[in-house]
Amino acid sequence: MEVLKIATAGSVDDGKSTLIGRLLYDTKSLTTDKLEAIEKRSKKNGYDYLDFSLATDGLVAEREQGITIDVAHIYFSTKKKSYIIADTPGHVEYTRNMVTGASTSQAAIILIDARKGVIEQTNRHFFINNLLRVKEVIVAINKMDLVEFSEERYNEIKADFEQLMAKRDYEDQKITFIPVSALKGDNVVNRSKNMTWYKGETLLDHLEDLDLAAVSNVGTPRFPVQYVIRPKTDEHHDFRGFAGKIYGGELSVGDEVVALPSQTRSKIKEIYFHDKKYKTASRRSSVTITLEDEINLSRGDMLVKAGDLPTIDKQFTATISWMDSENLSPGKKYVLQHGVHKVLAKVANINHKIHPDYSGVDEKADSLGMNDIAEVTFKLNKPIFYDQFKKHRTNGSFILIDTQSNNTVGAGFIN
Amino acid sequence: MKDTSHINALENEAVYIFREVAAQFERPVLLFSGGKDSITLVRLAQKAFWPAKIPFPLMHIDTGHNFPETIEFRDRLVEELGLELIVRNVQDSIDQGKVKEESGRYSSRNSLQTTTLLDSIEEFKFDACIGGARRDEEKARAKERIFSVRDDFGQWDERNQRPELFDMLNGQIELGQNVRVFPISNWTELDVWSYIKEENIEIPSIYFAHKRKVFLRDGLIWSHSDYVYQEEDEEVLERMVRFRTVGDMSCTAAVFSEASDIESVVAEIRDSTISERGARIDDKRSEAAMEKRKQQGYF
């Protein structure tokens, strides 16, 4: 079964949770006991309709305030695909959650309130999906029932959004507009009878028809060594397997590979998943690889195809999203985790802060606060083996860990 | 020989998580309940480290009120795979006066497990506890991370969780803290059942339809047993039932079912309109029941 991960972004009251609730309801993914709980709560709150947002807003504080404050994961499946929706909040103070949700998703739904149209928040949501290289973006223009299902209003909003699209630097990104009413159910799962002028697909039909291979960003193969398997049993006395996940492309038995950082060459001897041997391992598979020659490789090292080396460097510039309440400032040291490889990193310089609204305004900054996005130059104590984020989503990204609190305090995308 | 592209995305993800645990922690443990989710975890761990053995022990927090079928199954599995099993008993925590047995109609030892679990984590200095919780089970669990940090008191601070980006898992902790790890976070109940079917994984017999003495209360089917409080006017019936989730006898309700093999169980789950935790009596206590228990260190 194919699995599609989708991030959602929208401002407060754009009806994001209602849209997800509607998707679950109309695909009959809500179970009897959950429906009963929703009916009970809706009644208690005095609503005269079913409040689907109650299906997703999980934590007590959220139910009290009626807003979503953390990333929640929602699951549903059809005969064709399994879906995982990362429900992320849209406030400016939750930029970090949006970045987090988008990082694991292949598709994004940006919600726009048809009454309000494209607002500053929309710029931010689109900017983040652009920055994170989310390939498939669906712009759901919601609450069409409150603008009398007007085609003219839909076209106005679409034209405004297209002006944003002109500013992006990610040409491969595909954008689809769908007019919906999550509350009434128009064009979510069922085709709207109120908007016969709209000839495109419903939201669910569009998701069902997405080609997973096409929405993935595929770079060249990178194999970071996660763990070395040495059973030391009689049966597997000399077995020395390098366990890890393949990012980008594929690796095959017989491929000439280079081990980093030593730059030693060897050939792939065997590829295992559990006890079965395979000729070729494709991207995102967690395999165990053995080599023809005995070379020294440990966690954090990397196997790549000969002739296709990444950049090996101790200094680089990256766009970072700051996620901690304690500020980032030049001179500070952090643990930089690049895949499974950890090094120490020093902030050499904050080049400029970026306004995540396509305004094109960059401003000088001495420090970064929570939810800031900025271009930062780092110096490392040891080299890492990276690609530009634009070319390789996994091998071009990293997280920053505070050396004292051990918290994940930022995410970076290498330029 | 062919390529690996047919291998289930969720299986690949779980194998990756297991390897991160083995690499990032010194003393991991797999919390084993004898239920289908923890049995699935054992299979995934085997795959992650083959041909080496699973490099950490299993631990069962035994309430003493388990279904006997589960305990027999547990012991057989551990022996067949040559795994190390640690058992710690809720009864000992009761005898030591650390927890008090509940009484009355809805009494259960389920929530008492937390104390025994936290004590064992301290006893063995475990720094990572792997569990079979899934995000689709319950709405508080939907916000759980894959690596979820617990403080010295085993508590979950749900408002202040580490962001998890791409595949990168941050397992850095201070001495005394530990991380709860959930390799099958992104699996649904149907995913687990389909996997059990595809992989031909053996599970305890109580998951399949069988004749059992039960009684009805609050629209749920309770097991008739010495461990379960029962009113005199609650009539004992003999019915074909099976369990969708297996916890303590006192907190796990059965469903009427004729599904006696894995194919019919998968078919039944596919058509089911009651969510899995709907048959968990402990969640019915209040809408925020799970979140409260999680904050206190429950799995």
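Student: Leaving aside neighbours within four places in sequence, which residues is Phe147(B) in contact with?

Tutor: This is a predicted model, and in it Phe147(B) is in contact with Ile17(B), Glu20(B), Val21(B), Gln24(B), Phe25(B), Glu164(B), Leu169(B), Asn170(B), Gly171(B), Val179(B), Arg180(B) and Val181(B). They are called contacts because heavy atoms come within 4.5 Å.

Student: What makes a set of residues a nonpolar core, and where does Phe147(B) come in?

Tutor: The members must be buried residues of nonpolar kinds, such as Phe, Leu and Ile, joined through side-chain atoms within 4.5 Å. The largest such core has 88 residues, and Phe147(B) is among those with the most contacts inside it, along with Ile289(A), Leu291(A), Phe18(B), Leu30(B) and Trp193(B). Helix H1 (residues 9-24) of chain B gives the most to this core, with eight residues. A second, separate core has 72 residues, including Phe76(A), Phe149(A), Tyr358(A) and Met168(B).

Student: Let's turn to a helix. How do you know that the length of H5 (residues 113-124) of chain B agrees with what a helix should span?

Tutor: Its twelve residues, at 1.5 Å a residue, should span 16 Å. The end C-alpha atoms lie 17 Å apart, so the two values agree.

Student: Which residues of H5(B) are buried, and what puts them on the same side?

Tutor: The buried ones are Gln113(B), Thr114(B), Thr116(B), Leu117(B), Ser120(B), Ile121(B) and Phe124(B). They cover an arc of only 165° around the axis, so they sit on the same side of H5(B). They pack against strands S1 (28-31), S2 (58-62), S3 (85-89), S4 (128-130) and S6 (178-181) and helix H4 (90-95) of chain B. Just after the helix, Lys125(B) takes a positive phi of about 55°.

Student: Why is Thr319(A) called buried?

Tutor: Its relative accessible area is 9%, and the cut-off for buried is under 20%, so Thr319(A) qualifies. This residue is found in strand S17 (residues 311-322) of chain A.

Student: And what makes its link to Asn415(A) a polar contact?

Tutor: The side chains of Thr319(A) and Asn415(A) approach to 3.3 Å. The limit for a pair of N or O atoms is 3.5 Å, with one able to donate a hydrogen and the other to accept it, so the pair counts. Beyond four places in sequence, Thr319(A) is also in contact with others, including Leu131(A), Ile354(A) and Phe413(A).

Student: Why do the phi values of Arg133(A) and Asn187(A) deserve a remark?

Tutor: Most residues other than glycine have a negative phi. Arg133(A) has a positive phi near 60°, and Asn187(A) has one of about 60°. Arg133(A) is in the loop between helix H5 (120-131) and strand S5 (136-142) of chain A, while Asn187(A) is in the loop between strand S6 (174-179) and helix H7 (203-209) of chain A.

Student: Are these two buried or exposed, and how do you know?

Tutor: Buried means under 20% relative accessible area; Arg133(A) has 6% and Asn187(A) has 1%, so both count as buried.

How values were computed:
Residues are numbered from 1 along each chain as its sequence is written. Chains are lettered from A and ligands numbered from 1 in the order in which they are written. This is a predicted model: local features need pLDDT of at least 70, side-chain atom pairs count only at pLDDT 80 or more; totals for chains, interfaces and linings use all residues. Side-chain values use heavy atoms; hydrogens and water are left out. Helices (H or I, at least four residues) and strands (E, at least two) are DSSP runs, numbered from the N terminus. The expected span of a helix is 1.5 Å times one less than its number of residues. Buried means under 20% relative accessible area, exposed over 50%, partly exposed in between (1.4 Å probe, protein chains only). The arc is that of the directions from the helix axis to the C-beta atoms.
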